[in-house]
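Reader: I would like a close look at one part of this model, the charged side chains and what surrounds them. Please keep to what can be computed from the atoms.

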Amino acid sequence: MERERPVHLLGFAYGATRTSALEGMRRFFGALGIEPSSVVGASATMFRFPDGSFFGVAAPDEPEDAGATGASGRIDGDASSGPDDRRIIGFRVLEVEAACAALEAAGFPIIDAHENELSRYAHVEGPDGRLYELVELLPPASAAGTGSGR
């Protein structure tokens, strides 16, 4: 049996969602090792990442100043309100395979996984119906391998 690897969610600047699936979001972030944090002045549930960034989850009927708003001061309703409302937020992780395994074990199936020269990444649908991305940044290509014209 393969040894279980710890998940190291590194974070991002800020994000938020408005959903009735709060308990599902707690399980989603819990699978990634992030628990809710108390934030004075925010009625939304806040999840603080190791780098100090955070993600807010507000109920659909929370006022817009609930502490889970984007730069414009607004966030959209549940993703179930329509397919055009599915925006991707990427969470940086140390190892994408370990993060995928942890989410799958918690009941969140991985939709797909990809790799390019910058990163390995996978998509998962959160309990709020939104699409989330797990991103593992790869080391930069060596100088000897660049500029070859290939």
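Is Glu115 buried or exposed, by its relative accessibility?

Author: The model is a predicted one. Glu115 counts as exposed, at 51% relative accessibility. The cut-off for that class is over 50%.

The side chain of Glu115 meets that of Arg120 in a salt bridge, at 3.3 Å from N to O. Arg120 counts as partly exposed, at 26% relative accessibility. Arg120 also meets Glu136 in a salt bridge, here at 2.9 Å, N to O. This second pair links distant parts of the chain, with Arg120 in strand S8 and Glu136 in strand S9, 16 residues apart. Glu136 counts as buried, since its relative accessibility is 10% and the limit for buried is under 20%. Through shared partners, the salt bridges join Glu115, Arg120 and Glu136 into one network.

A search of the whole structure finds 3 salt bridges. Another of them is formed by Glu23 and Arg26, whose closest N and O atoms are 3.4 Å apart. Glu23 and Arg26 are separated by about one helical turn, because they are 3 residues apart in helix H1. Glu23 is exposed, with a relative accessible area of 54%, while Arg26 is partly exposed at 32%.

Phe29 touches Ile34, Phe47, Phe49, Phe55 and Phe91, leaving aside residues up to four places away in sequence.

Strand S9 also pairs with S6, in the parallel sense and over 4 bridges. The covered face of S6 holds Ile89, Phe91 and Val93, and its uncovered face holds Gly90 and Arg92. In a regular strand the side chains alternate between the two faces of the sheet.

After H2 comes Gly107, with a positive phi near 95 degrees.

Terms used: Residues are numbered from 1 along each chain as its sequence is written. This is a predicted model: local features need pLDDT of at least 70, side-chain atom pairs count only at pLDDT 80 or more; totals for chains, interfaces and linings use all residues. Side-chain values use heavy atoms; hydrogens and water are left out. Contact means heavy atoms within 4.5 Å. Buried means under 20% relative accessible area, exposed over 50%, partly exposed in between (1.4 Å probe, protein chains only). Helices (H or I, at least four residues) and strands (E, at least two) are DSSP runs, numbered from the N terminus. Two strands pair if DSSP finds at least two bridges between them. A salt bridge is a side-chain nitrogen of Lys or Arg within 4 Å of a carboxyl oxygen of Asp or Glu.
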